[in-house]
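Open the structure in your viewer and keep the selection tool ready. The tour goes from one selection to the next.

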Amino acid sequence: MLNFDFYNPTQIVFGKDRIADLSKLVPTDAKVLILVGGASAEKTGTLAEVRQALGARPHSTFSGIEPNPSFETAMQAVQQVRADGFDFLLAVGGGSVIDCAKFIAAAVLFEGDAWDILLKGGRNIKKALPFGTVLTLPATGSEMNNGSVITRRDIGAKLPFRSPHLFPKFSVLDPTKTYTLPPQQLANGVVDAFVHTVEQYLTYPVNSPVQDRFAEGLLQTLIEIGPRLLTDTEADIEPNYDDRANLMWTATLALNGLIGAGVPQDWATHMIGHELTALHNIDHARTLAIVLPAMLHERRVQKQGKLLQYGERVWGIRSGSEDERITAAIEKTRDFFERMGIATRLGAYGLGQEAIDVVVRQLEAHGMTRLSEHGDVTPQVSRRVLEAAL
Ligand code: NZQ
Ligand code: ZN
């Protein structure tokens, strides 16, 4: 096992009707800016519940944070926080709202041009406003980690950053809040959590049986509940609470640092996926479903040991030559994404060969030239992966 530091101070408040707990979680003397996305938090009644739980605390709402949140929108919120003296942020939404809250929390107290936060990957963040979250879409794990991804529309850049100052103080995870999600967002959540697990598990063996079995348990849970989540969104069926609860907790555990402690991590699929979203506005999880199967085929030699273990323990593949078992494991993965209603080829999103040059150029421009657990995913390798994903 590799050396590691594990630090995660986020308090998780899990279960039905837990939004009321905000009355205890948010400091009584806080002046709170609630952050929301488009219309969903208001339409579903979640925003009203949040306001009620805040009681007498002075608060206001900033709305309009887009999926794949933009620097431009975040800076409007920064202005509002500074002008009106808010000292606590409360993100109510999915990964986009939570990521935006992290950026705002850091940018409000940052001296100089806040875009530098992205250029330095967050290493220049010295402090941040405190914030909590109410999660409405299980997918990213942002509710229990210190990372965020922000997009600058004018230059088509979607960049990640992280800082130890950016863990949420608390996150409220009420599985019933997922009942209003459309099937495609539930599918996105399953696939994003699946790929987070894979990025930290499918690398090379370092004798870390606990992290491996924990990761395999998360993957098996997603494979088991994923297809059921799609059918229970059909009209007139009461959603299955336990499936929603298990999705929520699985997605959180997939990216809260636990399974990644002491093991190599890849993240090449994510970095290529971010460029596809920035250029073509494809949902985050869908970009991962396009890139991952092609990436695994391309790097089957470097990942051989773990691919065989994955095939056997997650998919029950025990017969055939090593090469056949690896191919079968990758194709099972692709099949799973497709069964979740998520297309795994660039062509299905209207993109062809001509799109690839631009993605590779953007990877180079953003310094994404030595990706993966070995640093061997160069722009040439990324190009081959994208070509295999056509
Ligand atoms: O904007 P509203 O109206 O709220 O609608 C949202 C949005 O359109 C809707 N929604 C959310 N909760 C709902 C709901 N609709 C009905 N009922 C509810 N309960 O869902 C849509 C998508 O929301 P979004 O927050 O964009 O989705 P997700 O949670 O998948 O977040 C994606 C973002 O997170 C980043 C991605 O890159 C992307 O920008 N990621 C963040 C990570 C992190 N911080 O660790 C890691 C991930 O790999 C990922 O990169
Ligand atoms: Zn992701």
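Is Asp192 buried or exposed? Select Asp192: its relative accessible area is 2%, and because buried means under 20%, Asp192 is buried. Keep in mind that this is a predicted model.

Asp192 and His196 both sit in helix H7, 4 residues apart, which is about one turn of the helix.

An N or O atom in the His284 side chain lies 3.0 Å from an oxygen atom of ligand 1. Then select Asp99, where a polar side-chain atom is 2.7 Å from a nitrogen atom of ligand 1. At Ser142, a side-chain N or O atom is 3.2 Å from a nitrogen atom of ligand 1. On its own, ligand 1 has 960 Å² of accessible area, and the protein covers 88% of that.

How many residues surround ligand 1? There are 31, and the closest are Gly38, Ser40, Ser96, Asp99 and Lys158. By class, the shell has 8 nonpolar, 19 polar and 4 charged residues. Elements that give two or more residues to this shell include helix H5 (95-108) and helix H7 (183-201).

Finally, color domain 1 (11-177) and domain 2 (182-388) separately. Both give residues to the shell, so ligand 1 lies between them.

Note on methods: Residues are numbered from 1 along each chain as its sequence is written. Chains are lettered from A and ligands numbered from 1 in the order in which they are written. This is a predicted model: local features need pLDDT of at least 70, side-chain atom pairs count only at pLDDT 80 or more; totals for chains, interfaces and linings use all residues. Side-chain values use heavy atoms; hydrogens and water are left out. A residue is near a molecule or strand if one of its heavy atoms lies within 4 Å of it. A polar contact is a pair of N or O atoms within 3.5 Å; within protein, one must be able to donate a hydrogen and the other to accept it, and residues adjacent in sequence count only if both atoms are side-chain atoms. Accessible areas come from the Shrake-Rupley method with a 1.4 Å probe; for residues, only the protein chains shown count as cover. Ala, Val, Leu, Ile, Met, Phe, Trp, Tyr, Cys and Pro count as nonpolar, Asp, Glu, Lys and Arg as charged, and the others, Gly among them, as polar. Domain bounds come from an automatic or database domain assignment. Buried means under 20% relative accessible area, exposed over 50%, partly exposed in between (1.4 Å probe, protein chains only).
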